[in-house]
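Please open the model in a viewer with side chains displayed.

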Amino acid sequence: MAYKAPVRDLSFVLHDVLEVERYANHFADADLSRDLIDQIIEEGGKFAEEVIAPINRPGDQEGCRIEGDVVTTPKGWKEAYHQMVEAGWTSLAFGTKYGGQGLPSIVSMAVGQFTAAASAAFSMYPGLTGGAYHGIEASASDELKQKYLPKMATGEWTGTMNLTEPQCGTDLGMVRTKAVPNGDGSYSITGQKIWISAGEHDFADNIIHTVLARVEGAVPGIKGLSLFVVPKFLVNEDGSIGERNGVSCAGLEHKMGIHGNATCVMAYENAKGWLIGEEGRGMNNMFVVMNEARLGTGLQGLAIGDAAYQAAVEFANDRLQGRALTGAKNPDGPADPIMVHPDVRRMLLESKAFVEGGRAFILWTALQADLQKSSDEATATKAKDYMGLITPVLKAYLTDKGFHVASLAMQVHGGSGYTEHFPASQYLRDARITMIYEGTNGIQALDLVGRKLPSNGGRAIMSWFADIDAFVAENGEDEALKPFVDGLADTKKKLQEGTMWLMQNGMANPDNAAAASTDYLHIFGLTALAYMWAQMAKSAQAKIAAGDADPYYATKLQTGQYFVERILPDAAAHLAKLKTGAEVLMQMPAEAF
């Protein structure tokens with residue numbers, strides 16, 4: 001199966017749905033011309049298809065290996081990464097101040113979908129660098145920025161985020177890694193970190209770790225944590241690489257999937273590190289890195305689903321089994337392709353509806369990431385509100401559904417999918433981790449209802465409701481769009497009802513909010529995709545009305561129809577479950593489980 005980058009679909013969303021060119025005045029330093037964007041996504045798609053996709057399956061089979069503390073990535077991966085750096089793909093979204101290309105997030109996240117679909121494990125190496133880069137850029141001193149960011153921007157050096165330890169994952173207040181001031185502005189970092197993606201590898205000359213640690217004598221809990229930059233190799237004053245720092249890979253994790261990514265146990269033994277920002281502000285500074293990673297994880301979940309869906313479509317067209325219930329469709333062959341069977345089409349259409357809706361959702365969110373940097377204060381404030389509100393939804397909903405699509409793809413493959421002769425198994429294995437790392441999906445749901453909804457008096461969710469209401473009012477009389485607009489309005493109403501239930505029942509009993517959180521997040525995800533599908537339907541209808549006979553637009557509307565008729569009704573079930581509260585969950589004693 002050969003992965004095919006969905007360039008046509010991204011172009012439609014970028015130009016016809018989101019109309020990115022009209023935001024050009026918000027980005028004085030960025031070129032948002034249609035020609036440039038199309039050239040970037042077309043060439044990015046080719047690179048993913050021709051360079052990255054061919055190494056995905058061999059890399060999964062070979063995996064990474066360690067000898068001593070030296071980690072070697074699968075055959076051909078280092079060379080592919082160097083091609084990526086030389087072609088400039090790693091520097092798209094980094095600022096021009098440090099040698100990046102300064103392109104908007106919406107462009108880099110478009111290309112990122114291709115990279116992650118071609119190989120999720122490979123995409124994590126540049127992906128983690130992006131998170132570390134932005135964490136340093138947001139909070140570090142100018143000296144540290146000048147020392148590390150230029151070569152991270154080009155991809156010559158890579159980066160990581162080091163949070164988790166054997167005794168703590170979600171509860172980072174239990175971090176034990178310690179930092180002792182050396183008296184010269186540096187700190188000695190000692191401790192162990194686990195599950196560090198791209199923690200050690202052979203791609204780059206240096207790896208720049210961002211490490212959460214507790215300064216000696218700091219208060220207990222998360223308020224005592226600080227964030228440090230700890231390079232694999234120390235960097236001399238002239239920018240050249242110096243001696244090896246006291247950080248090494250103590251072992252590789254043996255994982256269910258993403259075998260091509262080196263997931264490391266990292267040992268810090270009096271390693272030299274430098275404070276990012278202020279002491280005791282580590283969690284605040286790390287959230288910059290984590291939010292970047294959460295958006296990337298949502299993108300990864302969607303992208304794996306896209307690749308799995310493509311493989312399932314190819315298999316469904318090729319596999320001959322049985323006859324269509326309405327008569328043979330392949331009379332000269334021994335059987336019909338399984339594509340003729342309604343239940344196979346159900347699985348494929350469910351996958352297609354999610355993938356295309358999720359793709360638009362990612363790009364819409366990336367646009368908000370860009371607009372939060374706008375010089376217009378009202379635009380920037382609204383976009384920042386949306387980024388806070390939407391990030392946990394995008395991460396959790398897209399990874400849940402990405403895994404679901406990978407599971408459907410395996411089902412379409414039947415017994416063949418359960419073997420390693422076909423790609424379905426790898427997609428399912430690779431997709432599963434996206435629901436866990438960068439904050440489990442349950443944690444994302446708690447973050448949504450506990451922190452993001454009440455933030456600023458609920459300003460973000462009220463703005464979200466107002467935008468949807470305005471779209472419904474503007475398009476409600478259009479008969480061609482009526483199913484999409486009505487579906488959006490009804491699902492938004494259920495989200496609003498769920499929000500009110502949380503306000504009335506969550507404060508009195510926090511367990512009610514926690515028990516309802518996952519179902520609430522799924523209603524939110526359905527509302528978001530309904531909003532995307534309504535906008536895509538509007539743009540497709542406009543093209544058809546203007547006389548464009550491209551069958552792409554009719555197919556888009558048919559896929560959207562499936563979403564409205566067969567997926568959106570799930571919102572009612574989520575709302576019903578949400579309203580049951582915490583009693584049935586919490587009444588049983590632990591020993592009864």
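Select Arg22 and Glu19: their side chains meet in a salt bridge, with N and O 3.2 Å apart. A salt bridge here is a side-chain nitrogen of Lys or Arg within 4 Å of a carboxyl oxygen of Asp or Glu. Arg22 is exposed, at 53% relative accessibility, and Glu19 is partly exposed, with a relative accessible area of 37%. For these classes, buried means under 20% relative accessible area, exposed over 50%, and partly exposed in between, with a 1.4 Å probe and protein chains only.

This is a predicted model, in which local features need pLDDT of at least 70 and side-chain atom pairs count only at pLDDT 80 or more, while totals for chains, interfaces and linings use all residues. Residues are numbered from 1 along each chain as its sequence is written, and side-chain values use heavy atoms, with hydrogens and water left out.

How many salt bridges does the rule give? The count comes to 31. Next, select Lys543 and Asp16, whose salt bridge has its closest N and O atoms 3.6 Å apart. This pair links distant parts of the chain, with Lys543 in helix α14 (residues 510-545) and Asp16 in helix α1 (residues 7-17), 527 residues apart. Helices (H or I, at least four residues) and strands (E, at least two) are DSSP runs, numbered from the N terminus. Lys543 is partly exposed, with a relative accessible area of 27%, whereas Asp16 is buried at 16%.

Move to Glu165 and Lys193, a salt bridge with its closest N and O atoms 2.9 Å apart. Glu165 is in the loop between β3 (157-162) and β4 (178-181), and Lys193 is in strand β5 (residues 186-197), 28 residues apart. Are these two residues buried or exposed? Both Glu165 and Lys193 are buried.

Now display helix α9 (residues 377-413) and helix α11 (residues 441-452), which pack at an angle of about 155 degrees with their axes 9 Å apart. The axes are lines fitted to C-alpha atoms, for helices over the stretch in contact, and angles run from 0 to 180 degrees between N-to-C directions. Helix α9 is therefore roughly antiparallel to α11, a term for angles over 145 degrees. The crossing of the two helices is left-handed, that is, the near helix is turned anticlockwise from the far one by less than a right angle. Residues making the contact include Pro392, Val393 and Ala396 of α9 and Gln444 and Leu448 of α11; contact means heavy atoms within 4.5 Å.

From there, select Leu521 in helix α14. Leu521 is buried, at 2% relative accessibility. Leaving aside neighbours within four places in sequence, Leu521 is in contact with Pro392, Val393, Ala396, Tyr397, Gln444, Ala445 and Leu448.

Finish at Thr297, in helix α7 (residues 282-318). Thr297 is buried, with a relative accessible area of 4%. Which residues does Thr297 touch, not counting those up to four places away in sequence? They are Lys395, Thr399, Thr434, Tyr437 and Glu438. A polar atom of the Thr297 side chain also lies 2.8 Å from the backbone oxygen of Ala293.

How values were computed. Polar contact = N/O pair within 3.5 Å; in protein donor to acceptor, adjacent residues only side chain to side chain. Parallel < 35°, antiparallel > 145°, perpendicular 65-115°, else oblique.
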